Amino acid sequence: MRTKILGAGIIGLSVADELQRRGHAVTVVDPAPGSGASHAAAGMLSPSAELWHGEETLLGLGRESLALWPAFARDLGVPLHDTGTLLVGHDAGDQQQVARQVALLRHHHAPAEELDDGSVLLPDEASVDPRAVVRALLARVPVVPVDPGGDHDVTILATGAVLPPPYSSMVRGVRGEILRLRCDDPPPRTLRGWVHGEPIYVVPRADGEVVVGATSEEHDAAPVVTAGGVLRLLTAARLVWPALDRAELVEATARDRPGTADNLPLVGPVAPGLVLAAGHYRHGVLLAPLTARLVADHLETGVVSPALDPRRLLGGDR
Amino acid sequence: MSGLTIAGRELTSRLLLGTGGLPSLALLEPVLAAADPGLVTVSVRRTSSTREGGLLSVLRRHGVPLLPNTAGCLTAREAVLTAELAREALETDWVKLEVIGDETSLLPDAVGLLDAADQLVRRGFTVLPYTTDDPVLARRLSDVGCAAVMPLGSPIGSGLGVLNPHAIEAVRAAVAVPVVLDAGVGTASDAALAMELGCDAVLAATAVTRADDPVAMARALRLAVEAGHAARGAGRIPRRAVARASSPTAGRI
């Protein structure tokens with residue numbers, strides 16, 4: 001099958017890699033590969049910490065994709081940081097939030113170990129450096145800056161937060177600001193939790209890099225790093241991991257996450273010859289290998305996951 | 001219609017809703033359908049999303065009247081500026097005025113609140129101030145021309161309910177304008193109690209948006225507000241120190 005993929009973020013590239021592996025012809029078009037949400041993403045493979053009431057479908061998808069990650073990372077030659085996630089609460093209200101999350105995880109039979117200090121270990125979670133993943137994928141998947149035209153059997157839209165009309169209102173940009181620091185005393189595993197009611201995460205990499213995120217706001221304007229956003233992130237991160245006080249602040253980045261109305265991605269056909277692989281919101285890195293399989297399976301067999309079928313959000317005047 | 005009129009506009013319901021913190025945008029329409037709110041508050045910032053597919057576009061399509069708030073403002077100056085921005089962006093001169101005293105307690109700053117309310121009334125706004133449960137401050141806010149007062153039951157987002165019912169009754173007695181219980185509602189009984197105490201309406205946000213099932217809680221609060229309002233009108237029996245049989249005792253065998 002001759003396929004064209006618009007968008008070389010982690011989703012477009014993962015789909016391209018899977019299609020290539022299955023013997024299909026792939027043309028990937030992106031003037032700036034890996035420069036969208038993938039560039040900002042912390043790379044948490046953390047479906048349990050992401051779980052919320054009413055979003056059990058996402059937990060199931062996340063766990064399914066998490067199970068694919070060890071082989072995916074090994075194949076790409078990218079290290080997987082698989083020491084789990086520690087859930088922490090700063091003040092009494094934040095600790096109540098941790099307890100509520102644990103109760104929810106227990107209800108869904110997701111593993112969560114309460115530790116003596118009140119924090120909670122989610123032992124099967126992991127993290128990966130999305131930039132390293134994108135680099136590894138780009139080494140295998142050629143990307144052209146402009147659409148060369150030519151005949152294709154199917155076009156796959158993987159342009160994240162910006163879809164062309166008439167699909168543009170199916171995703172909205174949800175701005176996230178994220179920091180990268182260099183620390184000689186990083187936490188041994190991902191820390192996630194709440195500080196004075198606001199969510200925070202601290203993700204360590206093997207090389208001493210620590211990623212701190214993330215703000216979440218909906219804006220019409222282009223994503224920029226704000227003073228207030230950096231202040232909030234650093235204040236909260238230093239409270240959950242005090243050693244960050246001496247860390248070198250290396251980078252601050254803002255990007256739009258591709259949010260959908262129901263927080264689930266859009267994976268499947270929208271028109272003859274047109275397939276979406278977009279709208280992955282906070283879960284693009286986690287869901288990349290699963291999305292790649294789902295798109296390839298769809299092209300080969302026509303199967304579509306009903307929960308992810310983009311046509312669920314078409315109709316009406318959306 | 002609910003029979004509740006604020007500044008000459010009759011509201012369709014005595015439940016007002018805040019939408020901040022809803023886990024997904026897809027929940028907004030079913031929550032609105034279940035709550036049937038008379039007004040929906042929206043937070044306005046210098047840059048808010050107005051584009052198709054965002055929160056505001058869903059609210060506008062639904063047609064529920066919007067009440068912009070000045071959430072997060074720490075000074076009267078900031079609140080007045082935010083109200084002006086909201087008037088431009090949302091084309092309404094109604095504003096739920098919040099001037100927060102500190103970011104830990106999120107309690108209103110009484111001095112800044114009264115100052116901002118006075119300024120905004122003079123600028124032609126219909127002002128609904130989020131205030132403490134202090135009847136004297138409520139009267140002062142009413143005196144400067146606020147269209148309603150919105151005393152807290154307990155701190156924002158705490159879900160602790162109405163911690164001082166006597167103070168809410170005193171606020172009710174202190175002003176002629178409508179009283180809207182704002183902040184602290186955690187579940188249906190809190191909303192019913194507020195209405196039984198004489199509030200004209202209840203505003204709920206976190207109680208709905210962070211409930212396990214926001215749609216079910218929206219419905220519960222709508223019913224509770226209606227029940228509490230009806231009970232207030234029905235006239236409750238006094239609390240007696242001793243039991244009193246409800247069946248006649250004469251003619252027993």
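**Helix pair α5/α6, chain B.** I began with α5(B) and helix α6 (residues 165-174) of chain B in this predicted model: their axes come within 8 Å and cross at roughly 30 degrees. Axes here are lines fitted to C-alpha atoms, for helices over the stretch in contact, with angles running from 0 to 180 degrees between N-to-C directions. That makes α5(B) roughly parallel to α6(B) (under 35 degrees counts as roughly parallel, over 145 as roughly antiparallel, 65 to 115 as roughly perpendicular, the rest as oblique). I noted B:P135, B:A138 and B:R139 of α5(B) in contact with B:A170, B:V171 and B:A174 of α6(B); contact means C-beta atoms, placed from the backbone, within 7 Å.

**Ground rules.** I kept in mind that the model is predicted, so local features need pLDDT of at least 70, side-chain atom pairs count only at pLDDT 80 or more, and totals for chains, interfaces and linings use all residues. Residues are numbered from 1 along each chain as its sequence is written, while chains are lettered from A and ligands numbered from 1 in the order in which they are written.

**Helix pair α7/α9, chain B.** Next I looked at helix α7 (residues 188-196) and helix α9 (residues 214-234) of chain B, which pack at about 25 degrees with axes 7 Å apart. They are therefore roughly parallel to each other. On the α7(B) side the contacts include B:A191 and B:M195, and on the α9(B) side they include B:L221 and B:V225.

**The core.** I then turned to the largest nonpolar core, which has 171 residues. Such a core is a set of buried Ala, Val, Leu, Ile, Met, Phe, Trp, Tyr and Cys residues joined through C-beta atoms within 7 Å. Among those with the most contacts inside it are B:A191, B:V202 and B:L221. I checked B:V202 and found that it touches, among others, B:V180, B:A191, B:M195 and B:V225, leaving out residues up to four places away in sequence.

**Helix α4, chain B.** This helix (residues 110-122) has 13 residues and reaches 18 Å from first to last C-alpha, close to the 18 Å expected at 1.5 Å a residue. Its buried residues are B:G112, B:L113, B:L114, B:A116, B:A117 and B:L120 (buried: 20 or more other C-beta atoms within 10 Å of its own; exposed: 12 or fewer; partly exposed in between). I see that their cover includes α3 (76-90) and α5 (135-143) of chain B. After α4(B) comes B:G124, with a positive phi near 90 degrees.

**A:F72.** Last, I found A:F72 in helix α4 (residues 56-76) of chain A. With 21 C-beta neighbours inside 10 Å, A:F72 counts as buried.

Methods:
Helices (H or I, at least four residues) and strands (E, at least two) are DSSP runs, numbered from the N terminus. The expected span of a helix is 1.5 Å times one less than its number of residues. Two residues are in contact if their C-beta atoms, placed from the backbone, lie within 7 Å.
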